[in-house]
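Try each task before you read its solution.

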Amino acid sequence: MFSRIFVEKEVYQTPRVQNILKRFKNVPVQRIDDLELIFNRVKKPYLQKRDQLQLFLGQKKGQLVKETPAAYGLSGEPHYYFIHSYNCIYECQYCYLQGYFNSPDIVLFLNYEDIAEEIIRITNEHTSAGLKRVWFHSGEYSDSLALSHITGELPYLHKIFKELPEATLELRTKSANIKELLELAPLPNFITSFSLSTQRHSKEYDLKTAPLKTRIKIISQLANKGHPIGLHLDPIIYSDTFIEDTNELIDLLFSSVSPDQINYISLGVVRFTKDVYHQVQQNYPESSLLASEFSKSFDQKIRYPKPMRLWMLHKVKSMLIEAGMQEKKIYLCMEEDDDQG
Amino acid sequence: MNTWPHTQTQDPTMPIVLCFAHRAEARTLLRAWDFKAFPDDLGPWADVFVAKRQDQKIYALITGEGVGQAQGKLSLLLGQLWPNVPVIINYGVAAGLRDDVEQKKLYSVKTVYAQKHPNEMSFNSFQLEGERDLVSAADRVLDRNACEYLSAFAPIADRELWGICLAAQQVKAPVQAYKWISDLPYKHETQEICQRVKEQSEEFGHSFSAHFQTWTQQFLNNPTTTTTTTTQDQREENDPLGLLDHLDTHFSTTQKRQYLGLIKALTRKDENLLGHFEKQALTLVQQNKNLGQRPKNITPEIIQIGQDLLSPFEKRLRQKLEQMASPLSKAGAQVSFDPLKEKAQFTLKANIQHPRHLEQLKIGLDNFSYENFEALMKGRDDV
């Protein structure tokens with residue numbers, strides 16, 4: 001999986017690092033002073049992740065937990081994300097990580113204690129102000145489960161959130177790697193959320209991820225064990241068979257999982273920053289994604305025209321409601337269902 | 001990050017510039033190919049040699065060591081050759097920084113990075129078509145300390161490729177680089193690098209010469225190579241509908257670009273769409289011809305046909321908006337919508353010169369439903 005592993009000298013001897021290194025006995029390891037001096041310091045081609053993916057192990061410094069942008073999660077409650085990792089082993093053609101970092105290499109931050117301390121501090125701050133729930137999302141810059149079998153992070157987070165019922169953790173993923181998760185007892189505030197696209201788009205654009213049917217099987221397995229589940233139908237991509245494909249996705253989903261087993265579903269239409277779109281053009285020049293009806297929007301982002309994206313969102317939402325999902329459990333991600341103008 | 005034009009797309013008669021940092025690296029190849037010194041009257045070109053093979057000129061440039069030297073000397077030669085753009089090949093010895101490259105082996109270079117100062121890298125990179133990454137070092141890499149930092153970025157270090165890429169970038173010349181690993185300073189620190197390299201000069205000299213022999217055979221004799229100028233084949237590839245060369249069409253430069261962009265996008269989306277495009281466009285061209293109209297009159301419509309095939313939702317939205325606005329248009333008012341379609345608003349412009357015009361406008365406004373318009377713009381109505 002990795003062609004080389006870089007480890008910060010300060011953490012090299014820690015059990016966490018040694019456990020990870022044991023899994024990659026044949027991979028060359030290089031000790032470095034500070035990963036910030038190497039990672040992201042040069043523009044490394046994104047697709048080198050296919051044959052020269054490197055792993056960095058170190059500690060996150062600076063701000064460990066950040067507030068999410070508006071319209072990120074269920075509204076009315078504070079949302080934060082924490083930074084435990086950079087980059088992803090998967091290769092989704094629309095992924096914003098293409099234009100976010102200057103390197104596709106994976107970084108794992110192993111100072112979980114510092115992250116946990118910050119999560120506890122923020123939760124206490126909000127609860128003492130009278131709020132009943134604070135959200136923490138993982139997977140903003142990586143997939144939350146894809147490497148969970150090597151990081152050992154899940155049992156640690158589970159322990160923290162078990163003792164912090166006012167805080168809810170969301171693990172965002174496209175992975176089918178739930179072995180670690182299945183060993184943990186379900187907690188109401190320990191939610192695994194899966195990103196799903198239609199079968200057609202999943203095959204075409206979500207390279208190297210678990211196929212849609214596998215993801216649904218995994219969702220069912222977790223839900224039946226009592227683990228809370230969130231879903232992200234994001235990014236929704238338009239095609240001439242949009243309605244049929246979405247119906248197929250909803251049928252597949254609800255033939256394995258009951259709508260009652262799903263805590264929430266977020267809906268988001270595909271969008272790109274200018275830089276990410278440029279990267280998609282460079283990395284996947286033949287992708288049919290580039291033949292979509294995008295235009296440069298008011299905020300310079302590349303997306304469908306507003307009437308189109310709102311129509312798509314309304315359509316998917318009404319199809320979900322028709323299939324038995326409660327309306328209050330569906331929210332729109334990064335899109336104001338507004339009355340602007 | 002800069003990506004180079006691929007060598008396969010180059011003209012097999014285009015000149016070649018071989019770049020070496022040192023004479024010792026070039027000697028065997030220069031002899032084998034019977035290179036002659038560049039004519040004396042060009043003074044500053046004392047480090048350039050030239051050979052000819054069939055219709056192709058091959059230049060060999062001794063750049064001297066260091067990024068600045070390489071960039072400066074190559075820029076001068078490229079200026080001299082302009083407007084001919086050569087393919088540039090860099091051969092040279094280099095240091096192996098990690099155990100994933102072997103000593104005395106030749107590697108092609110993939111991504112090129114550069115070290116600015118001892119602990120600082122240049123952010124940008126150049127991407128070539130090769131197998132291993134390389135970093136052009138600020139100084140000679142002679143010991144483990146220097147190796148340790150650079151090896152985090154690439155397994156090979158040289159002293160000139162970055163400068164060669166910078167110069168080549170100015171004229172968009174394709175670059176290839178092949179590096180022979182002369183020493184492994186992370187294993188054997190040495191200050192006697194010149195002596196060690198000298199001792200190996202016969203080996204790497206033969207390696208470069210043999211590689212170039214094979215390379216030229218592939219490059220010159222490969223019948224699949226095409227030229228950089230647009231051939232008939234390429235025109236057909238870019239414009240399979242042949243509308244650009246059609247006698248009854250006319251495209252301005254901007255329209256040509258739009259049209260070719262549409263062809264590309266439609267091909268990506270669904271190749272069957274090209275057939276629909278062709279049919280509709282040719283019908284339009286024929287109708288226009290029958291009416292005796294000028295070919296350029298219908299070019300915007302041809303482009304619109306392509307755009308509608310590419311963006312069916314937008315087409316339906318546009319048609320629906322036109323339909324909604326028709327009571328106002330019929331009343332003589334001009335209706336314009338937000339071009340980005342982000343806001344559910346429109347601008348109405350009417351020229352009132354008579355009470356009758358006002359009456360017509362009132363009727364038009366009565367027949368226009370803002371609620372329906374808003375529902376459409378906010379995605380609540382089917383398009």
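**Exercise 1.** How much area do chain B and chain A bury between them, and how much of it is on carbon and sulfur atoms?

*Solution.* For chain B and chain A that comes to about 3,700 Å², with 51% of it on carbon and sulfur atoms. Next, look at who contributes: B:Arg268, B:Phe313 and B:Glu342 supply 20% of the area that chain B buries against chain A, more than any other three residues. Finally, count residues in contact (heavy atoms within 4.5 Å): 45 from chain B touch 44 from chain A.

Before you go on, a word on the source: this is a predicted model, where local features need pLDDT of at least 70 and side-chain atom pairs count only at pLDDT 80 or more, while totals for chains, interfaces and linings use all residues. Residues are numbered from 1 along each chain as its sequence is written, chains are lettered from A and ligands numbered from 1 in the order in which they are written, and side-chain values use heavy atoms, leaving out hydrogens and water.

**Exercise 2.** Which parts of the chain does the salt bridge between B:Arg318 and B:Asp308 link, and is each residue buried or partly exposed?

*Solution.* Check the distance: the closest N and O atoms are 3.1 Å apart. Then place the partners, using helices that are DSSP runs (H or I, at least four residues) numbered from the N terminus. B:Arg318 lies in helix α11 of chain B and B:Asp308 in helix α10 (residues 299-310), 10 residues apart. For accessibility, buried means under 20% relative accessible area, exposed over 50%, and partly exposed in between (1.4 Å probe, protein chains only). B:Arg318, at 30%, is therefore partly exposed, and B:Asp308, at 14%, is buried.

**Exercise 3.** Repeat this for B:Lys116 and B:Glu120: how far apart are their closest N and O atoms?

*Solution.* The salt bridge has them 3.6 Å apart. B:Lys116 has a relative accessible area of 45%, so call it partly exposed. B:Glu120, with 34%, is partly exposed too.

How values were computed:
Buried area = accessible area lost by both parts, 1.4 Å probe. Salt bridge = Lys/Arg side-chain N within 4 Å of Asp/Glu carboxyl O. Helix = DSSP H or I, 4+ residues; strand = E, 2+ residues; numbered from the N terminus.
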